[in-house]
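Here is my note on the structure shown below. The points are numbered and can be read one by one.

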Amino acid sequence: MIHLENVSKVYKNGTNALSNVTLDINDGEFVYFIGETGSGKSTLIKLLDGEEIPTKGKVIVNGTNVGRLRFSKVPLYRRKIGVVFQDYQLLKNKTVFDNIAFALEVINKPRKEVNNRVREVLQIIDLSNEFKNYPTQLSGGQQQRVVIGRAISNNPGLLICDEPTGNLDPRHSKEIIELLEKINASGTTVIVVTHDEFLVNSYKRRTILLDNGRIVSDNPLGGYCHV
């Protein structure tokens with residue numbers, strides 16, 4: 001699914017965000033990326049979703065050399081992955097149903113297919129009864145569920161979550177991780193970037209620790225670790 005080979009990223013301002021990172025993630029894995037601010041986690045996400053290209057090395061996602069994609073091909077590539085950000089970025093003037101449907105409408109899915117898939121997603125994220133509500137009528141945990149629902153609406157093979165529990169209390173954080181585990185159990189590869197030690201220690205999965213742009217620990221058994 002994911003292969004990084006000797007990947008380095010140096011920004012124009014001279015910041016060395018990643019240094020010689022080599023990494024493989026298999027189809028269907030659930031992986032945490034942890035590390036302090038500035039360790040390279042955000043850059044890694046940007047390389048995987050095509051927002052940035054590596055200064056050197058290869059970033060391969062499901063057979064696609066992301067760093068070699070033409071700019072015009074990046075949107076098409078992104079249809080194959082889902083990304084969840086900490087700030088919900090929901091459309092406030094649209095209902096739960098319409099927020100999820102929007103992700104399918106912009107890629108010109110037929111209306112019947114959109115409606116059927118949105119209903120399926122609402123069941124997955126357990127918000128079938130709230131489909132007419134607007135984001136302002138939802139709790140933080142419910143809003144994050146909608147964001148996740150929108151991200152998986154097109155059945156991506158890879159779901160990347162950037163601090164998905166960062167704005168949530170412990171109970172809602174637990175619900176979100178359990179939802180991600182449910183999505184992972186269906187076959188989707190899940191990557192979670194997080195600072196939440198409790199969740200990483202409670203829901204143990206492969207855990208990769210970044211420090212100063214390098215992988216300093218890759219624990220297949222899971223659990224939070226420090227440099």
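1. Where is the place of serine 173? Serine 173 sits in helix H6. Helices (H or I, at least four residues) and strands (E, at least two) are DSSP runs, numbered from the N terminus.

2. A word on the basis. This is a predicted model, in which local features need pLDDT of at least 70, side-chain atom pairs count only at pLDDT 80 or more, and totals for chains, interfaces and linings use all residues. Residues are numbered from 1 along each chain as its sequence is written, and side-chain values use heavy atoms, with hydrogens and water left out.

3. Is serine 173 buried or exposed? Serine 173 is buried, because its relative accessible area is 3%. Buried means under 20% relative accessible area, exposed over 50%, and partly exposed in between (1.4 Å probe, protein chains only). Setting aside neighbours within four places in sequence, serine 173 is in contact with Thr165, Leu168, Asp196 and Leu199. Contact means heavy atoms within 4.5 Å.

4. Now the whole chain. Seven helices and ten strands make it up. The radius of gyration is 17 Å, close to the 17 Å that the globule rule gives for 227 residues, so the chain is as compact as a globular protein of that length. That radius is taken over C-alpha atoms, and the globule rule is 2.2 Å times the number of residues to the power 0.38. The C-alpha trace spans about 45 × 40 × 30 Å along its principal axes.

5. Of the 227 residues in the chain, 48% are buried. Among contacts with a separation of 6 or more, 68% join residues 24 or more positions apart.

6. The chain has 29 positive and 25 negative side chains. The centres of the two sets lie 8 Å apart. Lys and Arg count as positive and Asp and Glu as negative, while His and the chain ends are not counted. Each charge is placed at NZ of Lys, CZ of Arg, CG of Asp or CD of Glu.

7. Helix H5 covers residues 140-152. Its 13 residues reach 19 Å from first C-alpha to last, close to the 18 Å expected at 1.5 Å a residue. The expected span is 1.5 Å times one less than the number of residues. H5 is mostly covered, with eleven of its 13 residues buried. Among them are Arg145, Val146, Val147, Ile148 and Arg150. What do the buried residues of H5 pack against? Their partners are strands E6 (81-84) and E7 (158-162), together with helices H3 (96-105), H4 (111-124) and H6 (170-185). H6 is also the helix that holds serine 173.

8. H4 has 14 residues and reaches 20 Å from its first C-alpha to its last, close to the 20 Å expected. Its buried residues include Val114, Asn115, Arg117 and Val118. H3 and H5 are included in what covers the buried residues of H4. Just after H4, aspartate 126 takes a positive phi of about 60°.

9. Asparagine 6, in strand E1 (residues 2-10), has phi near 50°, a positive value in a residue other than glycine. Asparagine 6 counts as partly exposed, because its relative accessibility is 37%. Asparagine 212 lies in the loop between strand E9 (206-211) and strand E10 (214-219). Its phi is near 50°. Asparagine 212 counts as exposed, because its relative accessibility is 58%.
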